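This briefing is for a reader who is meeting the structure for the first time. Please look over the sequence and the model before going on to the grouped points.

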Amino acid sequence: MKTIIRIRKIIYIFLGFIFMGLGVLGIIMPFLPTTPFLLLASVCFVRGSKKFEIWFKGTRLYKKYIEEFVENQSMSLKQKISLNIFADCMIAIPFILTENVFLRMALIFIVGYKYYYFIFKIKTVKVR
């Protein structure tokens, strides 16, 4: 039984690093969402090892991209606008460069869902 628990923890730690890597790629590539992958990494590290949980929560990556969101589940209007503008610019590049109608439709859907999520699902807080 202890072996199964140990294997499960190793798998969680491995998945934590996979999701963390995808989150880092999401910083560079606009079609990969950064925050959800980093949140998944955090969950995996919590379930995998207290040591890795503490380590991950101490990284600049965690503090910069998800700490505030995890604690308050909200963003300032300025953060929302700047993230959306940056994401729109990055999504515009493949939209302009491709002639594939299905890809363009998918990109439009992604932008629409992104705005829906930012407007209706993430609370907006005033900066003090």
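**Salt bridges and helix packing**

Lysine 50 and glutamate 53 both belong to helix H3, where they stand 3 residues apart, about one turn of the helix; helices here are DSSP runs of H or I with at least four residues, numbered from the N terminus. This is a predicted model, in which local features need pLDDT of at least 70 and side-chain atom pairs count only at pLDDT 80 or more, while totals for chains, interfaces and linings use all residues. Residues are numbered from 1 along each chain as its sequence is written, and side-chain values use heavy atoms, with hydrogens and water left out.

**Helix H3**
- Lysine 50 forms a salt bridge with glutamate 53, the closest N and O atoms being 3.6 Å apart (a side-chain nitrogen of Lys or Arg within 4 Å of a carboxyl oxygen of Asp or Glu).
- Glutamate 53 also meets lysine 57 in a salt bridge, at 3.2 Å from N to O.
- Glutamate 53 is buried, with a relative accessible area of 13%, whereas lysine 50 is exposed at 56% (buried means under 20%, exposed over 50%, partly exposed in between, with a 1.4 Å probe and protein chains only).

**Helices H6 and H7**
- Helix H6 (residues 77-97) packs with H7 at an angle of about 175°, their axes lying 10 Å apart (axes are lines fitted to C-alpha atoms over the stretch in contact, with angles from 0 to 180 degrees between N-to-C directions).
- Aspartate 88 forms a salt bridge with lysine 114, with the closest N and O atoms 2.8 Å apart.
- Aspartate 88 lies in helix H6 and lysine 114 in helix H7, so this pair ties together parts that are 26 residues apart in sequence.

Methods
Helix = DSSP H or I, 4+ residues; strand = E, 2+ residues; numbered from the N terminus.
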